[in-house]
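Biologist: Before we talk about how the helices pack, could you show me the model? I would like to ask what stands behind each term you use.

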Amino acid sequence: MEMDQLVALCKRRGFLFQSSEIYGGLNGFWDYGPMGVELKRNVREAWWRDMVTAHNEQTAPAGAPGPYEMTGLDCAIIMHPQVWKCSGHYDLFHDFMVDCRESKHRYRHDQVWGRWVEARGQRFFVTTEALGHEGLEETEQRALKFFGLRAKNADELVWDGPLVSLTTVDDSAKVLGPEAKALGSLTEPREFNLMFKTYIGALGGEESAAFLRPETAQGIFVNFKNVLDSTRVRLPFGIAQVGKSFRNEITPRNFTFRSREFEQMEIEFFCRPGESPEWYRYWRDRRFRWYVELGLSSDRLRLRDHEAAELSHYSTGTADIEYAFPFMAQGEFGELEGIAHRGDFDLRSHMEGKLDPKTRPLEVEKDEHGQPRHRGSGRDLSYFDADTKERFIPHVIEPSAGADRATLAFLCEAYCEDEVPDENGKPTKRTLMKFHPRLAPYKAAVFPLVRKDGMPEVAQAIYAELKPHFNVFYDEKSAAGRRYRRQDEIGTPYCITVDGQTLTDGTVTVRDRDSLRQWRVPKDACVDEIRRLLAGEL
Ligand code: GAP
């Protein structure tokens, strides 16, 4: 599948629209259309149900070291600015960017790739934003053009090494920017904080500056004590939150994959420090299985443990769940979710204002007496274990998923084309979205075969019976074949058709989206039939 085909289907069938499209769009922002809103809501609800409400707290699930509790939160997007100082985001949440003085474009320093090339006595680093085969081809085309060579003279180019990141290059004068014609147009890399800044209240001065949250996690940490004091949860337990996060990404791209406004589904799982490695392994495997259960195929999905050098400033162990999105180069994967062992970093820094000693320390602010000003909340965020009579700061395992990235992966995985006979038996191309039934926007569609002979009335009665139980769609417009195609393209797993036989024997046809199998059921058994189909019992 080409990404363009999916993007076109998303627009045509109302899954995704560019934000503010009638004004030319806004880069990095997306709107979910009538089908997209249902799909993404189903992703969020499947996550919440599977992780929180359907979790049985009395027994240890498969692979877990023991039973555990789960609860939820819904925190404000704008939080006290000190939260971001203690979390490290204020000082450390940076990307490096480079600007091109010639093309006026801005790039993320680590996302520009290039190769050293020499010809006609000149050696320089020719760059591209593409990776893999596409990146190699583009750098060759650009080098040929730079030297004024034709394709047949490509052997005059002497390449020195593979595609590597621009971060490996010290001398910017020797770089040909991704869209530049002359060497040396890229600036030196500069730090850029990814948090969106805003101002609270009418005054608008720096004292009222605040940030849109770049992750939902911190709302959970700062409410840790409130949850302990207001519920009966005891270690080990998890707090889940779903909500919007904002990052002023330098180069948003690849459809919704890297957006500036997106939704996260995060769990902060609190446990005893000695037990944290086992819980880390449990959550890593449990979260991987979740994507498989909802239909992501194992050959496009992988679990990758981070190298020590890749770990975030707070993490002592992290694994990513990654998906081979079609817009990525062959062999490349994009992150769907990170599962991080965060130790006691967050609770401790909100308590004491300390940062991990491996990272750049916060500048120590002094008060009017020259004494270091307390940077944490000063509140006690420790946990008292009533059984062992010990007091300690719990360790945290954090499975942090992106709702938009998961939705995009489910869209990519679902897209397929096959051939089916039309009304006259002629093979015709069909596009279908093979969503897992739990994720499909509509669970069933109800059609009268024709708009006469009392068929619409029977179909409407079935629709009315189904509607309180499932999201179903009624359609009597256009030819039956076209109505089926439309439902296939939005991924409706079952279609129920009222036809001539219904009027004589009271049965309707049920059609399966993927196999095209059709069978008959009594018209008043539709609710049970769809329920059993969705439960996988049939
Ligand atoms: N609390 C940890 C945290 O936020 P992260 O790896 O930065 O970790 C977690 O983000 C998840 O959020 C990612 O795996 C991804 O699914 C999603 N995400 C992050 N940045 C995103 C962006 N710019 N656009 C869409 N999703 C994003």
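Biologist: Which residues of α2 and α10 meet?

Modeller: This is a predicted model, in which local features need pLDDT of at least 70, side-chain atom pairs count only at pLDDT 80 or more, and totals for chains, interfaces and linings use all residues. Residues are numbered from 1 along each chain as its sequence is written, and side-chain values use heavy atoms, with hydrogens and water left out. On the α2 side Leu39, Lys40, Val43 and Arg44 meet Ala403, Asp404, Ala406, Thr407, Phe410 and Leu411 of α10, where contact means heavy atoms within 4.5 Å. By class, this contact has six nonpolar, one polar and three charged residues (Ala, Val, Leu, Ile, Met, Phe, Trp, Tyr, Cys and Pro count as nonpolar, Asp, Glu, Lys and Arg as charged, and the others, Gly among them, as polar).

Biologist: Why is α2 called roughly perpendicular to α10?

Modeller: Helix α2 (residues 34-53) packs against helix α10 (residues 403-414) at an angle of about 115°, with the axes 10 Å apart. Angles under 35 degrees count as roughly parallel, over 145 as roughly antiparallel, 65 to 115 as roughly perpendicular and the rest as oblique, so the angle makes α2 roughly perpendicular to α10. The axes themselves are lines fitted to C-alpha atoms, for helices over the stretch in contact, and angles run from 0 to 180 degrees between N-to-C directions.

Biologist: What makes α1 roughly perpendicular to α10, and which residues make that contact?

Modeller: The axes of α1 (residues 3-12) and α10 cross at roughly 110° and come within 10 Å, which makes α1 roughly perpendicular to α10. The contact is made by Met3, Leu6 and Cys10 of α1 with Leu408, Leu411 and Cys412 of α10, and by class it has six nonpolar, no polar and no charged residues.

Biologist: Why are α11 and α14 described as oblique to each other?

Modeller: The axes of α11 (residues 455-466) and α14 (residues 526-534) cross at roughly 55° and come within 9 Å, and α11 and α14 are therefore oblique to each other. In this contact, Ile462, Glu465 and Leu466 of α11 meet Cys526, Val527 and Ile530 of α14, a set with five nonpolar, no polar and one charged residues.

Biologist: What lines the second largest pocket, and which residues are the closest to its centre?

Modeller: About 400 Å³ of space lies in the second largest pocket. Of the 16 residues that line this pocket, the closest to its centre are Asn42, Glu45, Pro437, Arg438 and Lys443 (on a 1 Å grid over the protein atoms alone, a pocket is an open set of points where a 1.4 Å probe fits, with protein on both sides within 12 Å along at least five of seven lines, and lining residues have an atom within 4 Å of a point). With six residues, α2 gives the most to the lining, which divides into seven nonpolar, three polar and six charged residues.

Biologist: What is the peptide bond from leucine 235 to proline 236, cis or trans?

Modeller: That peptide bond is cis, with omega near -10°, and proline 236 has its place in the loop between α7 (224-230) and β13 (237-246).

Methods. Helices (H or I, at least four residues) and strands (E, at least two) are DSSP runs, numbered from the N terminus. Grid points are joined across faces, edges and corners, and a volume is the space filled by probe spheres set on the points.
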